[in-house]
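Trainee: I have a structure open and would like to learn how to read it. Can we go through it feature by feature?

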Amino acid sequence: MILLWLKAFHIAAAITWVGGMLMLSLLLLALRGSLGAYLPAERQLIAAVRRWNHLVTTPAMIGVWALGIGMAQSAGWFGAPWLLLKLLLVLMLSTLHGVQTGLLRHLFEREPRQQPAALRHAGLLTIAASISITVLAVTKSF
Amino acid sequence: MPPSIHARTPASTRRLQFAALLEGSTLLVLVGIAVPLKYLAAWPLAVSVIGPIHGTAFLLYLWLLSAVASGDGWQARDIGIALLAALIPFGAFAHAIAMHRRAAGRGAKKQTAGQQSRNHQGAEQTTHKQAPRE
């Protein structure tokens with residue numbers, strides 16, 4: 001029974017986290033071209049997304065980690081190859097979110113700057129990783 | 001009075017230092033206490049409690065490292081050292097101390113630059129004040 005509760009909150013936290021990451025990806029993509037000073041509306045948007053990231057997306061990500069680890073522990077999944085692969089994908093998504101968060105802080109506190117080229121595909125990467133994680137978690141095929 | 005090192009260190013770096021200490025402490029407890037208890041005393045409960053806590057602390061450290069490195073424009077070499085430090089017992093403590101010293105060094109540099117700037121301004125004001133007399 002406890003496993004079902006953990007699973008329910010884990011999925012809810014994951015949806016919130018991925019939603020926040022997609023919003024971050026879209027904002028960073030939209031700000032990519034502008035290298036001059038930001039307009040007041042752009043600054044307001046950066047501040048709002050930063051606040052959302054701080055109050056909702058990041059706590060959701062921590063919730064995903066804690067609930068996921070708790071779930072794997074209580075179900076005895078540690079050591080299964082599918083879980084190892086899923087953990088690697090979560091590690092990759094967490095690092096991507098960290099890079100996006102740091103860049104957003106830089107854009108808010110300092111000035112516009114050239115973004116890493118790989119971040120252009122952050123949205124696509126987030127969706128691909130989410131689909132892979134879902135397939136691995138549902139099928140548990142190996 | 002100059003501000004303390006704590007006040008001069010950015011909040012994001014302070015959080016990373018805290019995460020490094022947390023990750024290092026949980027790794028030490030896991031490797032030094034929980035694992036020997038599991039294999040020498042046949043008591044696996046400690047590993048099953050500390051293991052997930054260390055896993056979460058490691059993820060938190062990795063996330064904060066990527067956020068600080070991306071925001072402050074760290075060099076690839078510094079990121080590599082920080083990652084390596086997380087994998088070695090006591091490595092995270094050494095890295096937290098190194099970050100603290102780096103922040104203290106930056107603060108001292110800023111303070112010296114500020115002092116020089118104030119001295120320069122003072123000298124300019126003295127020159128301006130003396131100018132009419134000449």
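Trainee: What share of the contacts in chain B with a separation of 6 or more comes from residues 24 or more positions apart?

Mentor: Keep in mind that this is a predicted model. For chain B the share is 70%. The chain has 5 helices and 0 strands. Along the sequence the pattern reads α-α-α-α-α.

Trainee: How much of chain B is buried?

Mentor: Buried residues make up 25% of its 134 residues.

Trainee: How do helix 3 and helix 4 of chain A run, roughly parallel or roughly antiparallel?

Mentor: Start with the angle. Their axes come within 10 Å and cross at roughly 155 degrees. An angle over 145 counts as roughly antiparallel. Helix 3 and helix 4 of chain A are therefore roughly antiparallel to each other. The crossing is left-handed.

Trainee: Which residues meet there?

Mentor: Helix 3 of chain A contributes residues including A:W82, A:L85, A:L89 and A:L96. From helix 4 of chain A come, among them, A:L125, A:A129, A:I133 and A:L136. The residues of this contact divide into 13 nonpolar, 3 polar and 1 charged.

Trainee: What should I look for in the backbone angles?

Mentor: Most residues other than glycine have a negative phi. A:K140 has a positive phi, near 45 degrees. B:A42 also has a positive phi, about 50 degrees, and is not a glycine.

Trainee: Where do A:K140 and B:A42 sit?

Mentor: A:K140 is in the segment after helix 4 (122-139) of chain A. B:A42 is in the loop between helix 2 (11-40) and helix 3 (45-72) of chain B.

Trainee: Why does B:A42 count as exposed?

Mentor: Count C-beta neighbours inside 10 Å. The cut-off for exposed is 12 or fewer. B:A42 has 7, so it counts as exposed. A:K140 has 13, so A:K140 counts as partly exposed.

Definitions and conventions: Residues are numbered from 1 along each chain as its sequence is written. Chains are lettered from A and ligands numbered from 1 in the order in which they are written. This is a predicted model: local features need pLDDT of at least 70, side-chain atom pairs count only at pLDDT 80 or more; totals for chains, interfaces and linings use all residues. Helices (H or I, at least four residues) and strands (E, at least two) are DSSP runs, numbered from the N terminus. A residue is buried if 20 or more other C-beta atoms lie within 10 Å of its own, exposed if 12 or fewer, and partly exposed in between; C-beta atoms are placed from the backbone. Two residues are in contact if their C-beta atoms, placed from the backbone, lie within 7 Å. Axes are lines fitted to C-alpha atoms, for helices over the stretch in contact, and angles run from 0 to 180 degrees between N-to-C directions. Angles under 35 degrees count as roughly parallel, over 145 as roughly antiparallel, 65 to 115 as roughly perpendicular and the rest as oblique. A crossing is left-handed if the near helix is turned anticlockwise from the far one by less than a right angle, and right-handed if clockwise. Ala, Val, Leu, Ile, Met, Phe, Trp, Tyr, Cys and Pro count as nonpolar, Asp, Glu, Lys and Arg as charged, and the others, Gly among them, as polar.
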